[in-house]
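The sequence and the structure are shown first, and the description follows.

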Amino acid sequence: MARRVAIVGTGQTHHKSHRLDVNGREMIHEAVTRALEDCELTINDVDAIVIGNMDHFESINCVDTWSVEGSGGVMKPILKVSTGGTTGTSVAIAAYYHVASGLFDRVLAIGWEKNSESDTTGAIITCSDPIWDRFSYSGAIPSLATEASAYMKQYGATQKDAARVAVRDRTHALNNPYAQMYNRPISIEDVMESAMLAYPIKLLDVCPRSDGACAVVFAAEEIAGKISPRPAWFKSCAARHTTTWFGDVDYDTGLLSLQRAAREAFDKAGIRSPADDLDVAELYLPYSYAGLKWIEALGFCGPGEGPRFIWDGNTDMGGKIPMNPSGGVISTNCIGATALLRVAEAALQVMGKGGKRQVPDVKNALATGFGGCWWSDVVVLSKDRPS
Amino acid sequence: MKNTELLTIRSGDTGMPYEWSIGKYGSRFFREIREHQRFLGIRCPGCGKVRVPPRRLCGPCFRELDELVELSDTGIITAFSVVNYPFIDPDTGLQRPIPYTYGYIRIDGSDNIFSHIINETDESRIKVGMKVRAVFRKPEEMEGNIRDIRYFEIIR
């Protein structure tokens with residue numbers, strides 16, 4: 001029987017496009033220090049570390065050993081987990097497994113990326129099949145753009161519908177001083193007039209490239225309440241990875257990996273009606289069209305109903321199910337940290353530490369990760385200790 | 001290329017020391033293009049799906065495949081994007097020419113989609129659902145790699 005586990009502390013850097021003042025190790029150290037301060041622990045209290053970033057990004061491999069002076073991992077068990085865009089949720093889920101297993105009481109999960117040091121598009125291209133896909137593939141944006149083109153054809157969604165999602169996330173980032181796009185709000189006209197990167201994705205439809213790190217402290221049920229008066233209980237999680245042939249994705253059935261991961265995680269957590277039973281969602285939406293289509297996969301609305309659900313204000317602060325109070329991925333994307341930031345932000349909401357971005361009375365919070373070739377992770381956190 | 005030859009792909013001319021095995025069905029796929037200017041797929045006896053390019057394993061069913069299926073050189077656009085931003089192609093070390101159209105084609109007779117390029121970069125003249133035909137290199141110029149398919153052109 002797995003032990004119950006809670007998140008007791010979180011830390012993140014102030015994300016920027018270029019952090020020339022720090023190297024990767026020093027940037028990781030900032031996030032770790034803030035997480036430990038948040039839960040009033042020292043590095044000596046940490047039993048094990050799970051760390052991850054994108055393979056090949058900074059052209060630094062074996063980052064688990066390279067980063068120890070920043071992660072605090074000297075003479076500790078360290079596990080590196082790297083699963084592309086889902087890396088951040090994968091390190092969170094792996095840290096949860098460590099503690100739930102009963103073998104470790106306090107585990108530190110770290111995600112980080114220094115995009116300014118990387119050839120992001122080139123590195124992502126090397127994730128694709130060298131024989132069949134690499135010749136025509138050009139990184140994350142056109143791959144997502146093809147999905148958007150099929151969704152628009154299937155349901156008649158428009159570029160303006162997608163722009164509404166980008167405007168929501170950038171508006172929410174007004175409340176998050178850690179976001180790269182803090183205090184840089186945009187309008188629907190701004191989005192529509194921004195440069196067409198890859199039809200139908202325009203510059204303001206898509207995430208920036210950020211330097212940043214995030215750290216989260218997980219603790220066992222016996223000690224979580226002593227460390228934090230209001231921990232965020234890890235209620236459930238699920239991961240679904242599909243095959244990596246780009247051509248084997250069926251766009252018309254929705255994002256299958258997210259549908260399946262959500263079904264499992266919601267069943268375990270007792271979430272029957274996501275829009276009613278969840279109070280806030282921090283979603284890995286790397287581009288605006290995902291904010292239409294993927295919320296359907298999560299069951300917030302039916303197939304093709306994403307645009308209406310968004311325009312009705314359901315996902316704004318004060319709406320039925322606020323999404324991305326942090327400003328989301330469209331406001332900050334330090335890739336290996338991005339999905340862990342979703343978990344950390346969901347935890348902040350449950351712990352009541354959201355500051356200006358706090359949603360009132362959060363009981364259940366959702367975090368998701370996305371990456372690889374249409375892979376999805378789902379995490380549900382709760383104020384209530386799991387039964 | 002001999003009929004039984006198993007092919008490999010070399011990385012570009014920038015001296016990357018990689019050499020990737022295509023496998024026996026992938027090698028057959030490129031020979032079929034050279035000899036008959038048509039695609040080859042493979043049917044899974046488990047799920048019944050025909051996928052192109054042919055591969056030896058079905059991931060969802062986790063089983064080996066061996067039933068090759070002859071397909072035509074035509075298909076339908078299921079998704080596309082016109083790529084406008086510059087980037088370095090890790091295969092060549094050079095900037096990939098832009099704009100170009102990245103397309104997902106459902107080859108007639110197959111159940112999945114095939115990623116390649118479409119020779120239309122005016123987004124007002126391209127739509128999901130359009131019929132396309134593959135344009136190949138001349139057989140004597142073929143090298144046994146994905147570039148033997150030059151592009152897909154829209155049948156108007």
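## Burial, domains and contacts

Of the 387 residues in chain A, 63% count as buried; a residue is buried if 20 or more other C-beta atoms, placed from the backbone, lie within 10 Å of its own, exposed if 12 or fewer do, and partly exposed in between. This is a predicted model, in which local features need pLDDT of at least 70 and side-chain atom pairs count only at pLDDT 80 or more, whereas totals for chains, interfaces and linings use all residues. Residues are numbered from 1 along each chain as its sequence is written, and chains are lettered from A and ligands numbered from 1 in the order in which they are written.

The predictor assigns the complex an ipTM of 0.86 and a pTM of 0.94. For chain B the mean pLDDT is 92, and 95% of its residues reach 70 or more; pLDDT is the predictor's confidence in each residue, from 0 to 100.

Chain A contains 15 helices and eleven strands, which are DSSP runs numbered from the N terminus (helices: H or I, at least four residues; strands: E, at least two). Its C-alpha atoms fill a box of roughly 55 × 45 × 40 Å along the principal axes. In chain A, 78% of the contacts with a separation of 6 or more join residues 24 or more positions apart, a contact being two residues whose C-beta atoms, placed from the backbone, lie within 7 Å.

Chain A is divided into domain 1 (5-119 + 210-227) and domain 2 (121-208 + 236-382), with bounds from an automatic or database domain assignment. The centres of these domains, taken over C-alpha atoms, are 22 Å apart. Their contact takes 37 residues from domain 1 of chain A and 37 residues from domain 2 of chain A. On the domain 1 side, β1 (5-12), α4 (87-100), β4 (106-114) and β7 (211-220) of chain A each supply at least two residues, and α4(A) provides the largest share, eight residues.

Between the chains, 33 residues of chain B meet 31 residues of chain A. On the chain B side, β8 (74-83), β11 (100-107) and β12 (114-118) of chain B give two or more residues each, and β8(B) gives the most, with six residues. By class, this side has 19 nonpolar, nine polar and five charged residues; Ala, Val, Leu, Ile, Met, Phe, Trp, Tyr, Cys and Pro count as nonpolar, Asp, Glu, Lys and Arg as charged, and the others, Gly among them, as polar.

Most residues other than glycine have a negative phi, and most peptide bonds are trans.

| Residue | Phi | Loop in chain A |
|---|---|---|
| A:Met75 | about 60° | between α3 (68-71) and β3 (78-80) |
| A:Asn324 | about 55° | between α13 (306-311) and α14 (328-331) |

A:Met75 counts as exposed because it has 7 C-beta neighbours inside 10 Å, whereas A:Asn324, with 29 such neighbours, counts as buried.

One joins A:Tyr199 and A:Pro200, with omega about 0°; A:Pro200 is in the loop between β5 (196-198) and β6 (201-202) of chain A. Another runs from B:Ile98 to B:Pro99, with omega near -5°, and B:Pro99 lies in the loop between β10 (94-95) and β11 of chain B.
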